[in-house]
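Please look at the sequence and the structure shown below, and keep both in view while reading.

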Amino acid sequence: NLEKSLLFREIHSSDIGAIAKYNAKAKEQFRLQTDMGPCPFEGDIDKSPIVLLLANPGYDEYSSLDDHKFKVEGWPLAGLHQSAPRGMRDWWRPRLRTLCERYGDQYVARKVAALQINPWASTNFDATVRLPSQSKMLELAERAAERGAILLVMRAARLWLESDVIKNYPHRYSTKSPRCSYVTEANLGGEAWEKINAALAGV
């Protein structure tokens, strides 16, 4: 929609100069892939009751320039769709498998969204990068908190918790392992898992 396309253009124009400077000195695995375009969020960021807070989109041998453009009607989190590009599908489906087995792939695709603190893809995440868009990513997470979504801090916790709104939000949960982004009871704990399932069940 228009709001999303405006956001993508805003992020591109705000970040592109800083990325050029960063990439000129960065090691290959940290270089930001501008050809793919930004991917600030996936899923219905305005309505999903569960919002994952992540680091940045991945980039590997299965990534393509069309990954971030892939869309399927009725599947806001399109990476869960069976025809999604392999790089996206192979990342999302294992991490949300437990929820998908319980509620169904399309239902989860409608109810779970994700935000990236750095919206540009790279092979490895560099937590020292500070792009102008970071304030916009924090703002989107704060908006999700304002409407009562459950926030799951999966990666880059230190950067997300720079926001006092997110840091003090009562419905914020973090993974037990800072390097594991699987949405499971083992990784998030019993209280978070109970809240997630209540939200997905509409309780």
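The largest cavity is lined by Ile117, Asn118, Pro119, Phe125, Val129, Leu131, Gln134 and Leu159. A cavity here is a set of points, on a 1 Å grid over the protein atoms alone, where a 1.4 Å probe fits but cannot get out, and lining residues have an atom within 4 Å of a point. The space in this largest cavity comes to about 50 Å³, where a volume is the space filled by probe spheres set on the points, and grid points are joined across faces, edges and corners. The structure holds one cavity of 30 Å³ or more.

Some words are needed about where these values come from. The model is a predicted one, in which local features need pLDDT of at least 70 and side-chain atom pairs count only at pLDDT 80 or more, while totals for chains, interfaces and linings use all residues. Residues are numbered from 1 along each chain as its sequence is written, and side-chain values use heavy atoms, with hydrogens and water left out.

Turn now to the sheet. Helices (H or I, at least four residues) and strands (E, at least two) are DSSP runs, numbered from the N terminus. Five strands form an open sheet with mixed pairing, and their order is S1-S3-S2-S4-S5. At the edges stand strand S1 (41–42) and S5, each of which pairs on one side only; two strands count as paired if DSSP finds at least two bridges between them. Strands of a sheet pair through backbone hydrogen bonds, either parallel or antiparallel. S1 and S3 are paired in the antiparallel sense over two bridges, and Glu42 has Ala114 in S3 as its bridge partner. S2 and S3, by contrast, pair in the parallel sense over five bridges, with Leu53 standing opposite Leu115 in S3. S2 and S4 also run parallel and are joined by four bridges, and the bridge partner of Leu52 in S4 is Leu152.

How many of the residues of S3 are buried? Five of the five are buried, so S3 is largely enclosed by the rest of the structure; buried means under 20% relative accessible area, exposed over 50%, and partly exposed in between, with a 1.4 Å probe and protein chains only. In a regular strand the side chains alternate between the two faces of the sheet. In S3, Val112, Ala114 and Gln116 point one way, while Ala113 and Leu115 point the other way, and all are buried.

Helix H2 (residues 86–95) packs on the sheet, where it touches S1, S2 and strand S3 (112–116), and its direction makes about 115° with that of S2. Such angles run from 0 to 180 degrees between N-to-C directions, and the axes are lines fitted to C-alpha atoms, for helices over the stretch in contact. Within H2, Met88, Trp92 and Arg95 are buried. Seen down the axis of H2, these buried residues fall within an arc of 70°, so they line one face of the helix; the arc is that of the directions from the helix axis to the C-beta atoms. The buried residues of H2 pack against S1, S2, H3 and S3, contact meaning heavy atoms within 4.5 Å.

H2 also contributes to the largest pocket, giving seven residues, the largest share of its lining. A pocket is an open set of points with protein on both sides within 12 Å along at least five of seven lines. The largest pocket has a volume of about 700 Å³, and of the 31 residues that line it, Asn56, Pro57, Gly58, Tyr59 and Trp91 lie nearest its centre.

In the loop between S4 and helix H6 (157–160) comes Ala156, whose phi is near 55°, a positive value in a residue other than glycine. Ala156 is buried, with a relative accessible area of 17%.

In H9 (residues 190–200), the buried residues are Ala192, Trp193, Ile196, Asn197 and Leu200. Down the axis of H9 they fall within an arc of 130°, so they line one face of the helix, whereas the face turned away from this buried side carries the exposed residues Glu191 and Glu194. Ala192 has 1% relative accessibility, and its C-alpha atom is separated by 8.8 Å from that of Ile150, 42 residues apart along the chain. Just after H9, Gly202 takes a positive phi of about 75°.
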